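Work through the exercises below with the sequence and the structure open. Each task is followed by a solution in steps.

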Amino acid sequence: MIRVRKLGYTRGRGVRARAVLTDINLTLLPGELVALVGPNGAGKSTLLALLAGDLAPATGEVRFDGTRLDLVPPCELARRRAWMRQGAGVPFALSCLELVLLGRRPHGTRAASDLRAARRALADVCARELEDRPADQLSGGERQRVDLARALVQIAGVERALLLLDEPTASLDPAHGAKALGAVRVRVDAGAAACVALHDLSLAAAWADRIVLMAGGGIVADGTPEEALHEAQLGAVYGAALRVVRDPVSGRPWVLPPARP
Amino acid sequence: MNAALGGRPLLRMRRGAALSPWRRRGNRRLAVLLASATLLLVGVVLALCVGPSGIGIGRLLEIALAAVGLGDGPPAGDVERGVLLHVRAPRIVLGAAVGAALALAGAALQALLRNPLVEPGLVGTTAGGTLGAVLWIVFGAGAVGGVLGGFGLAVAAFLGALGATVLVVAFAGSRGRVDNAVLILVGVALTAIFSAGTGFALFLADDQALRDVTFWSLGSLSRATWPALAVVLPCLGAASAVLIARAQVLDALLLGEAEARALGVRVDVEKRVLVAASALAVAAAVGLTGSIGFVGLIVPHGARMLVGAAHRALLPVAALLGAAALVLADAGARTFAAPAELPIGILTAAVGGPCFLVLLFARRARMAG
């Protein structure tokens, strides 16, 4: 669905130009949940913004179903691609339901089904009770769930949709985090492609089909959780002695922080 | 999309108690809309029957009944007709149109820039208009005053305001995109430069010009005449219509520009349209009425407290409240110091400020309790 070739992005101009991403090659397929992991400043958010079409690549290209991303009409893109940034919140008191309903804007309809879809999306992320709350008075975790609901409702009922999520679980408690990724998993199993930036490596290993490990603006590893998350590689990328064990139930990798000296 | 103005689609499909808060919200919004319209109507009637010529509410009713062939009072005489149709009515129409347009422009720019402190003059418009007006009063009126007649001041202010906005947007734009923070900062910088120009012109001005400038700057609807309205009303109407039609875009912009863009909003086009419409509203208003501050800053906030931030509900209420505010303020301006006339800007600030504080405290009490 998404094919990225030799993608590069540079911030600033002239002598102060700084390469943020270099030589990224990546493919996202329908029915695939790809976790984007890596240390702070590795370029995860920038990559997502490029995949969303909000930033224009300096080199290389992003193709969406074979078409160069900048040639896809914005309104058509908006119907198939939802992008959740690490948000800044809303300055005024939209209700959460109104905020989530904005996700239906690209579809142009204003039907009762939109309202049902919005409520379902809120329920999917355990935020149904927030629907009447002013969106400028939410806690960080609540806002994240509502933002995720907006992204989910944007692609509700859309075939072969693309979900780009930037740390959707950063402020969520473990239960809500799992529920949120479960909601993403449901869309992926229905044929969407998802690329999710995550800091919790264990959460990534538990939910993702593939893990893309980034560092310093490039991709270090791209494979199954077992392939991408092994101690030597994580140690090199994070500069810390992370330990990898097995989840006794699922058998997936479980990443522990460095042991106390 | 939302439950604005009764939220009909929501009501039709409601099922169970879960929807009831929305229904309440929709009904509340409708109630606020109707109340705002009523307030405007009351303001219009009040403004029609206050003034030095002594046509009171009773006489107004008689005239109205006589006009439709009812009642037994004498129909309007020539003087009364002149006062109502050519003195009071144009002021009311101008006040309502300017109030609505300023409130809409304020609401739109606050949403666009995601900043509650924005008022429509922020992007240099008011300062540019003031510079145009002051230049005209100090240097222009004497030199070419006869050529342009009474329109000269309005035209100078209008051109100054629009020119300033064009300059601000041109400076703030880069590679097709206009950055919000840069837009605000360029607006602040150019406002300072225009103020310096205004100050220098005032330094050179004589006493009469200074007095004229002071009165102009406090605002007045007294320059309202039908011929002037024929020019200004289309500007205000067009600006208002464009802004009201952007309700959904403004909702999306509340999420942030990148988010709005991801929802298919052509942010860079819409931003220019919104700034242009706001500037047109302010420029048209400033030309004829002087700078009436405050309405564009406070009324949108008041409306937001009453109906929430969703623009389909917010914009109509803000427009009605803005219109009512100026019509009522003008009625007051003509009453309190009769037969003299208070500058309207004094009243909008003196009455609007406390009203806003009451709303603010009421809201704070509700949220705390």
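Predicted model: local features only at pLDDT ≥ 70, side-chain atom pairs only at ≥ 80, totals over all residues.

**Exercise 1. Overall form of chain A**

Task: State how many helices and strands chain A has, and decide how its radius of gyration stands against the globule rule.

Solution. 
- Step 1. Chain A contains nine helices and 12 strands.
- Step 2. For 261 residues the globule rule gives 18 Å, and the radius of gyration of chain A is 18 Å, close to that value, so chain A is as compact as a globular protein of that length.
- Step 3. Along the principal axes, a box of roughly 55 × 45 × 35 Å holds the C-alpha atoms of chain A.
- Step 4. Of the 261 residues in chain A, 48% are buried.
- Step 5. Take the contacts in chain A between residues at least 6 apart in sequence: 65% of them join residues at least 24 apart.

**Exercise 2. A four-stranded sheet**

Task: Give the strand order of the open sheet of four strands in chain A and name its edge strands.

Solution. 
- Step 1. The order in chain A is β2-β1-β4-β5, and the pairing is antiparallel.
- Step 2. Strands β2 (18–28) and β5 (67–68) of chain A each pair on one side only, which makes them the edge strands.
- Step 3. Within the sheet, β1 (residues 2–11) and β4 (residues 59–64) of chain A run antiparallel and are joined by five bridges.
- Step 4. For Ile2(A), the bridge partner in β4(A) is Phe64(A).

**Exercise 3. Pro91(A)**

Solution. 
- Step 1. Gln137(A) is 46 residues from Pro91(A) along the chain, and their C-alpha atoms are 9.7 Å apart.

**Exercise 4. The side facing chain B**

Task: Describe the residues of chain A that are in contact with chain B, by number, element and class.

Solution. 
- Step 1. The contact involves 27 residues of chain A and 27 residues of chain B.
- Step 2. On the chain A side, at least two residues come from each of α2 (74–80), α3 and α4 (112–124).
- Step 3. By class, this side of chain A has 17 nonpolar, eight charged and two polar residues.

Technical notes
Residues numbered from 1 in each chain as written. Chains lettered and ligands numbered in written order. Pairing = 2+ DSSP bridges. Rg over C-alpha atoms; globule rule 2.2 N^0.38 Å. Buried ≥ 20, exposed ≤ 12 C-beta atoms within 10 Å, placed from the backbone. Contact = placed C-beta atoms within 7 Å. Nonpolar A, V, L, I, M, F, W, Y, C, P; charged D, E, K, R; others polar.
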